[in-house]
Amino acid sequence: MGIRYNITMDWSGENTLRYSRNLLVEELGERGQERLFGSSVLVVGAGGLGSPALLYLAAAGIGRIGVIDFDRLEITNLNRQVIHPYASLGRWKADSAADTLRAFRPDLAVEAYPRALKAENAVALFRQYDAVVDACDNFPTKYLCNDAAVVARRPLVHAGVLRFGGQLLVVVPGQGPCLRCLIPEIPPRKDAPGCSEAGIVGAAAGIVGAWQAMEAIKLLAGIGPSAKGRLLTVDALAGEATRLAVARDPSCPSCGDRPRIAEPLSPADYLQERSCNA
Ligand SMILES: [Zn+2]
């Protein structure tokens, strides 16, 4: 996976205490903690999934975190986007989230990108990080994340959430299936409503976003079996989580044996692609 552990953990200050409960976890220990401190994550979206994912990644001791979001904070976001204080209404979410993370962990290297993820910037941006968390809220950007992660060869923790639950898939390029192996084309709008249409209970985003942070932490610390190749489905109303094996599709346009997607497309082009294939 090519993770560069290039930040040295400073054990002389308060870090021994700050991460003492992590260190007690046998699977993680000092070695895992140093790996987390030396690794970097990019989170795409500072909304319902990104809020818990960013907070728990920072709390775990990840050394460098990037957050990209093109939106400004609105009052309708506040039932679930818990990284933002009320005073951030009207601010860029990327900047607001970065400020919360800096206050939470002054030693954290945070990079805020208050702009849209596009085909022109996605691969280069992904290559600046060891792993990517897809915490965005729309299918075109999710496909962009997937294709850019495959091209950049960066592990991607994909998730989506709505109403009381959501789904999660870890994509490790070269080692398992990608999002397109599971859903080859973007679903029609009527089959994929957003939060503004179907609603969402904030705690559901909290569960799935925290699970995304957990999978990223496992990948970066090199511990545990990852969820790659398994679709996790969480139904918080029923109080259930299930998993389903997903196979890599040799004819997948993104990660297949003869991929058609050499460079990712912009979200608008994905919509075009869908209409062409419809
Ligand atoms: Zn694929």
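Author: Helices (H or I, at least four residues) and strands (E, at least two) are DSSP runs, numbered from the N terminus. The model is predicted: local features need pLDDT of at least 70, side-chain atom pairs count only at 80 or more, and totals for chains, interfaces and linings use all residues. Residue numbers start from 1 along each chain as its sequence is written.

Reader: What is the order of the strands in the open sheet?

Author: The sheet has 8 strands with mixed pairing (strands pair if DSSP finds at least two bridges between them). The order is 3-2-1-4-5-6-7-8.

Reader: Why is one side of strand 3 and of strand 8 left without a neighbour in the sheet?

Author: Strand 3 (109-113) and strand 8 (240-245) stand at the edges. One side of each is open in the sheet because each has a single partner strand.

Reader: Which residue is the bridge partner of Val157?

Author: Strand 5 (residues 156-162) and strand 6 (residues 165-171) pair in the antiparallel sense, over 7 bridges. In strand 6, the partner of Val157 is Val170.

Reader: At about what angle does helix 10 run to strand 5?

Author: Helix 10 (residues 202-221) lies across strand 1, strand 4 (131-134), strand 5, strand 6 and strand 7 (230-235). Angles run from 0 to 180 degrees between N-to-C directions, with axes fitted to C-alpha atoms, for helices over the stretch in contact (C-beta atoms, placed from the backbone, within 7 Å). To strand 5, helix 10 runs at about 170°.

Reader: Is Val41 buried or exposed?

Author: Val41 sits in strand 1 (residues 40-44). A residue is buried with 20 or more other C-beta atoms within 10 Å of its own, exposed with 12 or fewer, and partly exposed in between. Val41 has 29 such neighbours inside 10 Å, so Val41 counts as buried.

Conventions
Contact = placed C-beta atoms within 7 Å.
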